[in-house]
Amino acid sequence: MFYAVTIALLATMALALARAIMGPTVYDRVLAVNMIGTKTVLLMSVISFLFGRPDFLDLALVYALINFIGVLAVLEFFRVRAYDRSGDSEADGS
Amino acid sequence: MTVVFSMFLLTLLLITAIAVVHAGNLFVAVMLSGIFSLLLALNFFLLDAADVALTEAAVGAGISTVLFLGALSLTTDREKSPSPHRLLSLAIVAVTTLAVIMGTLDKPSFGDPEAPVQVHVAPWYLETTREAIQIPNVVTAVLSSFRGYDTLGEVFVVFTAGIGVLFLIGRHSGTKPQDIGPPHGEPSGLRHYLIPRLIGRMLVPFIMLFGLYVQFHGEYGPGGGFQAGAIIAASIILYALLEGEKRALQVLPRSVLVGMISGGALLYSAVGVAGMLMGGNFLDYSVLLDDPVKGQQIGIILIEAGVGITVTGVLLSIFHAFAARGRF
Amino acid sequence: MSALQPHLPALQVIVPMLTAPLVALLRERQFSWLVTTAASLCAFAVAIALTMVVLEQGTISYEMGSWPPPFGIALSIDAVSALLLLVVTGASSLALIAGATSLQAQCESDRQPLFYAAWLLALAGLCGILVTADAFNIFVFMEISSLASYVLVAGGPDRRALPAVFKYLVMGTIGATFYLIGVGVIYLMTGTLNLADMEVRIQQVGEFQPFLIAAAFITVGMALKAAIFPLHVWLPNAYTFAPHVVTVFFAACATKVSLYVLLRLDFVVFQQNVGGHDVQFAYFMLPLSVLAILIASAVAIFEANLKRLFAWSSVAQIGYITLGASLISQAGLTASLLHMFNHALAKGALFLALACLAMSVAKLRVDEIGGIARRMPWTMAAFVVGGLSLIGVPGTAGFISKWYLIQAAFGAGSVGIALIIIILISSLMAVVYIWRVVETAYFGEAANDEAREAPLAILVPTWIAVALNIFFGLHPNLPVELSSRAAAVLLGTGP
Amino acid sequence: MELLGLYHYWVFAILLMTGFYAVVAKVNLIKKLIGLTLFQAAVFLLYISVGMVEGGDAPIFTADNADSLFSNPLPQVLILTAIVVGISTTALGLAIVVRINEVYGTIEEDEIQEIDRR
Amino acid sequence: MNLAYLLDILSWILMTAGGFFVFVGGVGALRMPDLYTRMHAASVTDTVGPMLVVAGLLLQSGLSLPSVKLLGILFFLLLTGPTASNALASAALLAGKNPEYARRMDEPADGEKAE
């Protein structure tokens, strides 16, 4: 029963990964990281049930919290960069 | 079915790794390695390693990303030169890989309960944990008692890193803080993002509470000092990101952090020495109390606390060392 | 003493390790130096006590946490570890005694407590590697000592120290990770991490290929850390730009501890149990050692920076050590281990003399020390004796190990003759590069009129090192006894 | 299962190669450090794969898994240690890179060598 | 007995729906033409997907400690997901990335850029 959700989540992760690799702007990549983070949380919850070990939900909880810090760190990074280079921070090397 | 999931995740992992190396922009590489960390942790989780997955989540995806971004904001996010000696490197790498494949390829033992890895030492740990330590999480038991000396070493590795970063970039700033930073005396931090700030401030106590839960729940479920230390440090880093680094330093000044770094390591060692003074060997917790099992448990709680304190202190010191360089 | 005696192996590590957090908390430079030196001397005393016990009783072991091996982590000290423990703790103590004055010129006062804490951690890490009997524990302590040594090297005042240390960090981490892969493969095949248990179980497995691969990874990884030619590229710059006292400490012992891990795993764990490994080891190691000796000595001849000159000479000397080991005989290994001891003495004395010199000549280039011997007679005299020991002149410690090496080469048949010639040639090269310095210092035109004799605080330890060179050149019983026992341990023929 | 086992080793080998390539071939110091983390991650994966038991349970006792098969706790402990060692190395490396950038103004290895040669 | 069966089916439906929405979000994030539309696709489904999936899991776990944790997870996801999207979008706007696609559609007022 959990398989259907798991497959959907995995497929979505693959799609988001494709977005993260393709870009084209840095914001797309951050968006993709955030998406993958959310999917990871869900996947962990579902797999905990799949394994019959609901006590592992702790992990999912940690992810939900840590993920947010990552995004905020990125924002702070953008802010610093914006002051540094007066606004060309969207330029992207790849 | 899990096999397919596992293979799928491994494939994603590979693709991400290649993309990380390929990416020309360092910021992109850091973002992708954040994804890499998440995927790696999921793989660990599927391989029954809950504790490792938790650590990878807290350390790899959280702290490591923050540190890399901190370093990037102090340097540059652009990778300029192409690789000069590609062929030579490829040759070295190819030889290494061939050697690895030769060494491991024909090994049948993946998942085999009869493999030497599974039958030699591991069952003893499971049994002895049940009898002599009586805590549910075998990983914690091995980590803090059977191989407690390793863990002591690990605490001192973290301690060394903390000392090292403080030594290198702790004191004098290379760039003057007032030169950079936002204009018009605007305080640093994400103050102008109203919503993240509100939500973030709400979350800080929750994260900290959860960190404490991970710390003290380590004997029963996935968790322990390292993970807890990383999570608590993350919560204070979150506060620093929201309110500016200075406010966070008012909460936990540098001197307190140095005290935490040393104090945790000393607490751990003190438990070990106590075992020695009370007639056992170094790090023998059984002699701490009359009942050896209780002694083991109290020893584990104490050393995990030491680990948590040191890790929190070190990670925060490292963060502040980067942040105090002016920009982050 | 008797109450402490069973705990000596643990104390060897925890004395310096526990002092480190205390030192990190201190503010005062002098006091932190004092505590550090005291801890290092304590560790030295423990090492002497351990050596005495080892000479009396053979191998000592200790169970951490009272868990029996292979489940818990055991410490085990035999003649090999005892020999190197003496070198490591002795070098650390001597360098620290000299260190206060020399470091003051190179590192800001307020950073010094952290520096000393890192020093203690490096010492604890090195001791930890030497006493442990667990493959993974070696990795953990290797990382403590490596991270601490990155910090120490980066403490150098020259900005070029930073790229040097980054290279050191990258190569050191690759080395450690290779080691981890090797240990992982062994663990996969045997299910154990305890070195003694590994020996037994490898024999039971009866399939060699994975072990050969594991041996390859461990050998390459440790060769990176030990700067065995051609993986030495991090060493010259790291030694050159590190603070002088750090160079004294590391030149004497850091690479040797990696060599110790290499020898211990290759000889004890693999060669006695994995067929064909000894031949492989010799085939790879012998030519590389010869190349190291010749090429590094040649580079040293043309090097203008004194510290870098002796860093290159270290690469060559590591070649001697691996040369002795690659003969795979009792005599060869004895020579190899003896040379670890004696080279530490000679290089320690030389780098201490350089530290004295650096009090007056900041840049330490050959063309800046013209006629300096007239102004710093004691320093240069120490330098000369150290140099003689490095060359291997009779009456100094260096002679003993070269003599044993030549004897070992005689035992190796026709290859041996060629090796003896190579040893002689390289000794001549050493004469050349040392003579170049001595000539400039004694007979060159005075380039520096303000030079003054180095302060006593640093001159005295230098002369202690010099005296040790002569003492062990005349009375080599202790190191020879330890080395031959250690060689027997490594070959599995002794206790 | 056989297939998955092999696949694990292949992934390990390729990851190792990718990370190692980045360390050896890239000249950007931060990229080298990122490569180093990948390189180490590959080894983590090897150890954890080694310790896994097919049909096993994570080595944490609960009320109702008293007699099930458990995965090997030891590699997990080792890797916990190794992860922490890895982040320590990375942090120290980044600190060195920051200092290098301050005194050299660049974090490209070839440019640093160029500056030193002058 | 019957009720448990019913709950199972209900939970299955919820989770499958959640999976569907999540997947749609993924497709949207990949296929939409510009940053803001992609962000829209991702963030909206990132809210509804977890709600449905966690609701399904809640039906599985019943009243127990895990369900408290599940509620915690949901709570945090609902807090942080939209916040992160909002912050990201405003960062992109501040950096001068205009929502081109939207402008071509119906020419929004300039005031929107001010945040």
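Predicted model: local features only at pLDDT ≥ 70, side-chain atom pairs only at ≥ 80, totals over all residues.
Residues are numbered from 1 along each chain as its sequence is written, and chains are lettered from A and ligands numbered from 1 in the order in which they are written. Local features need pLDDT of at least 70 and side-chain atom pairs count only at pLDDT 80 or more, while totals for chains, interfaces and linings use all residues.

**Exercise 1. Chain C as a whole**

Task: State how many helices and strands chain C has, and decide how compact the chain is.

Solution. 
1. Helices (H or I, at least four residues) and strands (E, at least two) are DSSP runs, numbered from the N terminus. Chain C has 19 helices and two strands.
2. The radius of gyration is taken over C-alpha atoms, and the globule rule is 2.2 Å times the number of residues to the power 0.38. For the 495 residues of chain C the rule gives 23 Å; the radius of gyration is 21 Å, close to that, so chain C is as compact as a globular protein of that length.
3. The C-alpha trace of chain C spans about 70 × 60 × 40 Å along its principal axes.
4. A residue is buried if 20 or more other C-beta atoms, placed from the backbone, lie within 10 Å of its own. In chain C, 67% of the 495 residues count as buried.

**Exercise 2. Two helices of chain C**

Task: Determine how α10(C) and α13(C) are oriented to each other.

Solution. 
1. Axes are lines fitted to C-alpha atoms, for helices over the stretch in contact, and angles run from 0 to 180 degrees between N-to-C directions.
2. The axes of α10 (residues 244-271) and α13 (residues 330-358) of chain C come within 7 Å and cross at roughly 160°.
3. Angles over 145 degrees count as roughly antiparallel. Therefore α10(C) and α13(C) are roughly antiparallel to each other.
4. The residues of their contact divide into 13 nonpolar (Ala, Val, Leu, Ile, Met, Phe, Trp, Tyr, Cys and Pro), two charged (Asp, Glu, Lys and Arg) and three polar (the others, Gly among them).

Methods. Parallel < 35°, antiparallel > 145°, perpendicular 65-115°, else oblique. Buried ≥ 20, exposed ≤ 12 C-beta atoms within 10 Å, placed from the backbone.
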